[in-house]
Amino acid sequence: MNLAALHTFQAIVETGSLVRASERLNVTQSTVTARLKGLEQDIGQPLFVRRKSGARLTAAGAKFRRYADAMISLWGQARQETALPAGIGAICNIGC
């Protein structure tokens, strides 16, 4: 599993379509399909029901969604904290 695959998963969820996800990510549809296929192989479950009208999350996909969101968020926090200037040890994130 890699970060690009997680971003691709999120884009498919948000757009409801592999084609629109490829447009949003500025990659080919075959790249989106390959990333999704790899992610589904890693998970061992199909994450979307694919139809000509779009893509809909499976039960496994719905469960995986919150983990994908958490992993992407955690990666962002790790990047921020490792890039802090000397003498600054932490960042406080406040959400509403």
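Helices (H or I, at least four residues) and strands (E, at least two) are taken as DSSP runs and numbered from the N terminus. The model is predicted, so local features need pLDDT of at least 70 and side-chain atom pairs count only at pLDDT 80 or more, while totals for chains, interfaces and linings use all residues. Residues are numbered from 1 along each chain as its sequence is written, and side-chain values use heavy atoms, with hydrogens and water left out.

1. The loop between α2 (18–25) and α3 (29–43) contains N26. Although N26 is not a glycine, its phi is positive, at about 60 degrees. Most residues other than glycine have a negative phi. N26 counts as exposed, with 69% relative accessibility; here buried means under 20% relative accessible area, exposed over 50%, and partly exposed in between (1.4 Å probe, protein chains only).

2. Two salt bridges are present in the structure, a salt bridge being a side-chain nitrogen of Lys or Arg within 4 Å of a carboxyl oxygen of Asp or Glu. One of them joins R24 to E14, with the closest N and O atoms 2.4 Å apart. R24 belongs to helix α2 and E14 to helix α1 (residues 3–15), so this pair ties together parts 10 residues apart in sequence. R24 is partly exposed at 45% relative accessibility, and E14 is exposed at 51%.

3. A salt bridge also links R50 with E40, whose closest N and O atoms are 2.7 Å apart. Because R50 lies in strand β1 (residues 48–51) and E40 in helix α3, the pair ties together parts that are 10 residues apart in sequence. E40 is buried, at 11% relative accessibility, whereas R50 is partly exposed, at 40%.
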